Amino acid sequence: MVPRLLVITHDDILASAYRARLSREQFAVESRSTAHEGLVKARQWSPQILLLDVTLPGMNGLDVLKSMRDVPWLSQTHVVLLIERTLARSVIEDCLLWGAGSVFYKDTGSVSELTARLQTILQALDASPSR
């Protein structure tokens, strides 16, 4: 089965780079530019992994996490926060408390690093007894 990955970010250049590379790595990739559109797609598509930009305009990443936890079939989705190094630690901690699984620094991390991280996450998800 091809792993499903949803990217929610308002950064079109970043979304395009992630889609291009991760599609070549055998992911089925969808992206949305707003939190609302992303939540609708997540509910319909049930991705294994969600790349979530914390600094979305309007409804932010923490709001998305809170909304996801109300949807039982999304509770197993691994959420990778896309953040910048300057983001306040308290925001990161709140997101982790609300179910984010890991953090990726979008301003300094390469797409290759992200790809390797996602492969590791998939291996862990495949090994999990709840899957």
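Predicted model: local features only at pLDDT ≥ 70, side-chain atom pairs only at ≥ 80, totals over all residues.
View 1. Helix 1 spans residues 12-24, 13 residues in total, and reaches 18 Å from its first C-alpha to its last, close to the 18 Å expected at 1.5 Å a residue. That expected span is 1.5 Å times one less than the number of residues. Helices (H or I, at least four residues) and strands (E, at least two) are DSSP runs, numbered from the N terminus. Leu14, Ala15, Tyr18 and Leu22 are the buried residues of helix 1. They sit on the same side of helix 1 because they cover an arc of only 95° around the axis, taken from the directions from the helix axis to the C-beta atoms. Here buried means under 20% relative accessible area, exposed over 50%, and partly exposed in between (1.4 Å probe, protein chains only). Among the elements covering these buried residues are strand 1 (4-8), strand 2 (28-32) and helix 5 (111-127), where contact means heavy atoms within 4.5 Å.

**View 2. The two ends of helix 1.** At the start of helix 1, look for Asp11: one of its side-chain oxygens reaches to within 3.1 Å of the backbone nitrogen of Ile13. Gln26 lies in the loop between helix 1 and strand 2 and counts as exposed at 55% relative accessibility.

**View 3. Salt bridges.** The count comes to 4 salt bridges, each a side-chain nitrogen of Lys or Arg within 4 Å of a carboxyl oxygen of Asp or Glu. Asp53 and Lys106 form one of them, at 2.8 Å from N to O. This pair links distant parts of the chain, with Asp53 in strand 3 and Lys106 in the loop between strand 5 and helix 5, 53 residues apart. Both Asp53 and Lys106 are buried. Arg32 pairs with Glu30, their closest N and O atoms being 3.2 Å apart; Arg32 is partly exposed at 26%, and Glu30 is partly exposed at 28%. In helix 4 (residues 89-97), Arg89 and Glu93 are 4 residues apart, about one turn of the helix, and their closest N and O atoms are 3.5 Å apart.

**View 4. Nonpolar cores.** The largest nonpolar core has 24 residues, and Leu52, Val79 and Leu81 have the most contacts inside it. Such a core is a set of buried Ala, Val, Leu, Ile, Met, Phe, Trp, Tyr and Cys residues joined through side-chain atoms within 4.5 Å. Leaving aside residues up to four places away in sequence, Val79 touches several residues, including Leu50, Leu65 and Met68. A second, separate core of 17 residues includes Leu5, Phe27, Leu118 and Leu122.

**View 5. The loop at Ser46.** Ser46 lies in the loop between helix 2 and strand 3. Its phi is positive, near 50°, in a residue other than glycine. Ser46 is partly exposed, with a relative accessible area of 23%.

Technical notes. Residues numbered from 1 in each chain as written. Heavy atoms only, no water. Polar contact = N/O pair within 3.5 Å; in protein donor to acceptor, adjacent residues only side chain to side chain.
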